[in-house]
Amino acid sequence: MSADFLARSELLIGTGGLERLKNSRVLVLGIGGVGGYALEQLARAGIGRLTIVDGDRIDDTNRNRQLIALKSTVGQLKTDAWRRRILDINPDAEVEAIPEFITGEAIPALLETPYDFVVEAIDTLAPKVHFIRACVERRLAFISSMGSGGRLDPYRLQECDISKTYQCSLARAVRARLKHYGITKGVRVVFSPEPVPPGAVRAVDDAEGHHASMVGTISYLPAAFGLACAAAAIQTLLGERGEKARGGGGGGSGGGGGGARPPPHPPPPHHPQTTQKE
């Protein structure tokens, strides 16, 4: 590695810390608004081996929030564009790019690789739940992003166990499905309890005619979620967090328990019946 590239990082975490990150293997699942910002920070921190998974192409509508989305990159596979960007940051990095949408059937093969940390940042519910379940069962160190759409206030973000989440419809849906597998805690997440305005959600049909929702987003909120995910990954790899981010939760026990990191100002009262779309 270039001495200049990580000189400032070395001042903070030392030569041993740099070596630990260089020798780490990290998987980022979903490299859009949240996952893309997480990936950028991992690359700039000097993570030596990165696997990125996303079957999507860059769309013009991504330019309001996705780091890799430019006029010049519209139409490109996100994995291709991100691989080039990572190697432009750190030519010594090993980057495995998998241009596929993850499915439940593909998860076991993907997780045969011994990852040191996983960032899960997909927004399709079924594969998200299957992947989280697989990480918990394998006791992988990981962080999962909940819904970042429809929000404006970055100071409402929290990192906590999924059992502590509230006023997030995606987290609520994930909790409900995980409960069927006996998982009620032990899943570290980044979420926001900020209410989503009804006008920020629009019903649409996807390319295959399936009903879906389009959620309004602002430039910096997915970035804030991604930075929080990257921080969890890097601090865990450096040994700053012990077992806090490691999966292994169930109905009666869990390795990822613990309370939420306190937000900069107190959260509103918990209203568990609040219904929101994201």
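This is a predicted model: local features need pLDDT of at least 70, side-chain atom pairs count only at pLDDT 80 or more; totals for chains, interfaces and linings use all residues.
Which residues touch the most other members of the largest nonpolar core?

1. The largest nonpolar core has 39 residues, and Leu-42, Phe-117 and Val-119 are the ones that touch the most other members. Those three make a handy starting selection in your viewer.

2. Two or more residues of this core come from each of strands S1 (25–29), S2 (49–53) and S4 (117–120), and from each of helices H2 (33–44), H3 (78–89) and H7 (220–237). H7 provides the largest share, nine residues.

3. Setting aside neighbours within four places in sequence, Leu-42 is in contact with Val-26, Val-28, Ile-47, Leu-50, Val-119, Ala-230, Ala-233 and Ile-234.

4. Now to the helix pair. The axes of H5 (residues 125–137) and H6 (residues 169–179) come within 10 Å of each other and cross at roughly 55°, so the two helices are oblique to each other. The crossing of H5 past H6 is right-handed.

5. On the H5 side, the contact is made by Leu-125, Ala-126, Lys-128, Val-129, Ile-132 and Arg-133; H6 brings Leu-170, Ala-173, Val-174, Arg-177 and Leu-178. By type, the residues of this contact are eight nonpolar, three charged and no polar.

Terms used:
Residues are numbered from 1 along each chain as its sequence is written. Side-chain values use heavy atoms; hydrogens and water are left out. Axes are lines fitted to C-alpha atoms, for helices over the stretch in contact, and angles run from 0 to 180 degrees between N-to-C directions. Helices (H or I, at least four residues) and strands (E, at least two) are DSSP runs, numbered from the N terminus. Angles under 35 degrees count as roughly parallel, over 145 as roughly antiparallel, 65 to 115 as roughly perpendicular and the rest as oblique. A crossing is left-handed if the near helix is turned anticlockwise from the far one by less than a right angle, and right-handed if clockwise. Contact means heavy atoms within 4.5 Å. Ala, Val, Leu, Ile, Met, Phe, Trp, Tyr, Cys and Pro count as nonpolar, Asp, Glu, Lys and Arg as charged, and the others, Gly among them, as polar. A nonpolar core is a set of buried Ala, Val, Leu, Ile, Met, Phe, Trp, Tyr and Cys residues joined through side-chain atoms within 4.5 Å. Buried means under 20% relative accessible area, exposed over 50%, partly exposed in between (1.4 Å probe, protein chains only).
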